[in-house]
Amino acid sequence: MDAELSMLTLRALRRVLRATEIGSRQLATTTGLTPSQLLVLREIDLRGRTTPSAIAQALEFSQATITAIVDRLVSLGFAQRQRSEADKRQFHLSLLPEGIKALADAPDPLQMRFTNRFEALPMWERAMILAATERLAMLMDAQNIDAAPLLDGGQIDRAEPQ
């Protein structure tokens with residue numbers, strides 16, 4: 001019975017990993033974006049004209065990660081940086097028409113479906129899932145790996161989809 005539970009747990013983990021991989025591949029095929037790039041685009045769209053610092057704080061990404069992602073979005077013609085009139089040291093980000101189109105074309109990301117469904121669960125169940133997931137990370141010696149709150153298997157600041 002113990003071996004069977006181990007196998008069933010590993011199978012469930014594999015399904016989560018595969019769902020993440022499939023979602024990332026769908027996104028890349030449709031828009032050419034990585035999941036983290038899509039999150040940054042969505043955050044810029046949500047906030048309108050905003051700063052990289054505000055995006056980093058909202059997504060819990062480092063400033064360096066946001067800089068790398070924004071560099072890529074700018075090079076793709078999806079977003080633009082404009083120097084602040086009030087403070088010349090600051091930049092504001094806004095979407096360009098290609099970025100708006102990419103958002104419209106993007107499939108519903110796995111992360112958003114997960115978040116919506118997870119938040120609909122009762123608090124006790126969310127806490128139980130968190131505890132079990134943290135325990136899985138510990139069992140896999142992954143508890144000290146720095147990870148942004150993002151369902152993606154690759155580096156979050158990579159320029160190209162995998």
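Helix axes here are lines fitted to C-alpha atoms over the stretch in contact, and angles run from 0 to 180 degrees between N-to-C directions.

**Figure 1. Helix 2 packed against helix 3 in the predicted model.** Take helix 2, residues 35-47, and helix 3, residues 52-59: they pack at an angle of about 115 degrees, and their axes sit 10 Å apart. Since 65 to 115 degrees counts as roughly perpendicular, that makes helix 2 roughly perpendicular to helix 3. The crossing of helix 2 past helix 3 is right-handed.

**Figure 2. Who touches whom between helix 2 and helix 3.** Helix 2 brings Leu39, Val40, Glu43, Ile44 and Arg47 to the contact, while helix 3 answers with Ala54, Ile55, Ala58 and Leu59. Sorted by type, that contact holds seven nonpolar residues, two charged ones and no polar ones.

**Figure 3. A closer look at helix 2 and what follows.** With 13 residues, helix 2 reaches 18 Å from its first C-alpha to its last, close to the 18 Å you'd expect at 1.5 Å a residue. Just past the end of helix 2, Gly48 takes a positive phi of about 75 degrees.

Figure 4. The C-alpha trace spans about 65 × 30 × 30 Å along its principal axes. Of the 162 residues, 30% count as buried. Among contacts with a separation of 6 or more, 59% come from residues 24 or more positions apart.

Key: Residues are numbered from 1 along each chain as its sequence is written. This is a predicted model: local features need pLDDT of at least 70, side-chain atom pairs count only at pLDDT 80 or more; totals for chains, interfaces and linings use all residues. Side-chain values use heavy atoms; hydrogens and water are left out. Helices (H or I, at least four residues) and strands (E, at least two) are DSSP runs, numbered from the N terminus. Angles under 35 degrees count as roughly parallel, over 145 as roughly antiparallel, 65 to 115 as roughly perpendicular and the rest as oblique. A crossing is left-handed if the near helix is turned anticlockwise from the far one by less than a right angle, and right-handed if clockwise. Contact means heavy atoms within 4.5 Å. Ala, Val, Leu, Ile, Met, Phe, Trp, Tyr, Cys and Pro count as nonpolar, Asp, Glu, Lys and Arg as charged, and the others, Gly among them, as polar. The expected span of a helix is 1.5 Å times one less than its number of residues. Buried means under 20% relative accessible area, exposed over 50%, partly exposed in between (1.4 Å probe, protein chains only).
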